[in-house]
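User: Could you walk me through reading helix packing and aromatic pairs in a model like this one?
Analyst: Happy to, let's look together.

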Amino acid sequence: MDLLLIVIGAVLMILGIMGSFLPVLPGVPLSWLGLLLLYLSPSIPINYWVLGIAFFLAAIIYALQLVIPAMGTKRYGGSKAGMWGATIGLVVGIFTPIPLGILIGAFVGAFIGEIINKSDSKSALRAAYGSFIGLLASTFMELIVAVGFFLFFSYKVWGFRDLLF
C-alpha cells in the first residue's frame with residue numbers, strides 16, 4: 001500500500017511541475033496532493049504541520065497566479081479595466097484549446113480592457129505587456145514552489161528507501 005501511495009504521489013509531483021507552465025493542470029495543488037499521499041503513507045513519517053504549511057503556501061501561490069498578471073497590467077500603466085481584462089483573459093485562456101492560450105488570453109484581455117477604457121493603442125499595448133510579464137513571473141513562482149515540493153518529497157522518500165523497496 002505504501003508503495004502505491006508513493007508512486008501515485010510521485011506522478012502527482014511530476015504533473016505538478018508540468019502544471020506550472022501548462023495551463024490545463026493546476027501545478028502547485030497537484031504537487032500538494034502528492035505530499036498528502038506521502039503523508040498518508042504510514043512508513044514515512046511527516047509532521048502534519050508541514051502538510052498544513054504546504055497547503056497554505058499552495059493556496060497562496062495558486063491565488064497569486066491569477067492576481068499577478070493583473071498587477072503587472074496596473075504597474076505598466078493599465079487601468080482597472082485593463083486589470084479586469086487581464087484576469088478575464090487569463091481565465092478564458094485556461095479553457096481555450098490553443099497552445100499558449102493562457103499567455104495569449106491575459107495579453108489580449110488586458111489589451112481589450114484598455115481599448116474599452118478609451119486608451120490609445122500604444123498605452124493599451126504597454127498594459128498588455130505588463131500583463132504578460134506578470135504572467136511569466138507567476139509561472140516562475142509556481143514552478144519554484146512545485147520543484148521545492150518535489151525535492152522535499154524526494155528527500156523524504158529517499159530517507160526511507162530501505163523500508164519501501
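Analyst: Helix H2 (residues 27-40) and helix H3 (residues 48-75) have axes that come within 9 Å and cross at roughly 170°. Axes are lines fitted to C-alpha atoms over the stretch in contact, with angles from 0 to 180 degrees between N-to-C directions; helices are DSSP runs (H or I, at least four residues), numbered from the N terminus. H2 is therefore roughly antiparallel to H3 (over 145 degrees). This is a predicted model, where local features need pLDDT of at least 70 and side-chain atom pairs count only at pLDDT 80 or more. Residues are numbered from 1 along each chain, and side-chain values use heavy atoms, without hydrogens or water.

User: Which residues of H2 and H3 make the contact?
Analyst: With contact meaning heavy atoms within 4.5 Å, H2 contributes Val28, Pro29, Trp32, Leu35, Leu36 and Tyr39, while H3 contributes Tyr48, Leu51, Ala54, Phe55, Ala58, Ile61 and Tyr62.

User: How do I read an aromatic pair?
Analyst: The distance of the centres and the angle of the planes describe a pair of aromatic rings. Rings of Phe, Tyr and Trp (its six-membered ring) pair if their centres lie within 6.5 Å, and planes over 60 degrees apart count as edge-to-face. The count here is three aromatic pairs. Tyr76 and Tyr129 form an edge-to-face pair, 5.4 Å centre to centre with 90° between the planes. Tyr76 lies in the loop between H3 and helix H4 (80-95) and Tyr129 in helix H6 (residues 121-159), so the pair ties together parts 53 residues apart in sequence.

User: Is Tyr76 buried or partly exposed?
Analyst: Partly exposed, at a relative accessible area of 25%; buried means under 20%, exposed over 50%, and partly exposed in between (1.4 Å probe, protein chains only). Tyr129 is also partly exposed, at 41%.

Technical notes
Helices (H or I, at least four residues) and strands (E, at least two) are DSSP runs, numbered from the N terminus. Angles under 35 degrees count as roughly parallel, over 145 as roughly antiparallel, 65 to 115 as roughly perpendicular and the rest as oblique. Rings of Phe, Tyr and Trp (its six-membered ring) pair if their centres lie within 6.5 Å; planes under 30 degrees apart count as stacked, over 60 as edge-to-face and the rest as tilted.
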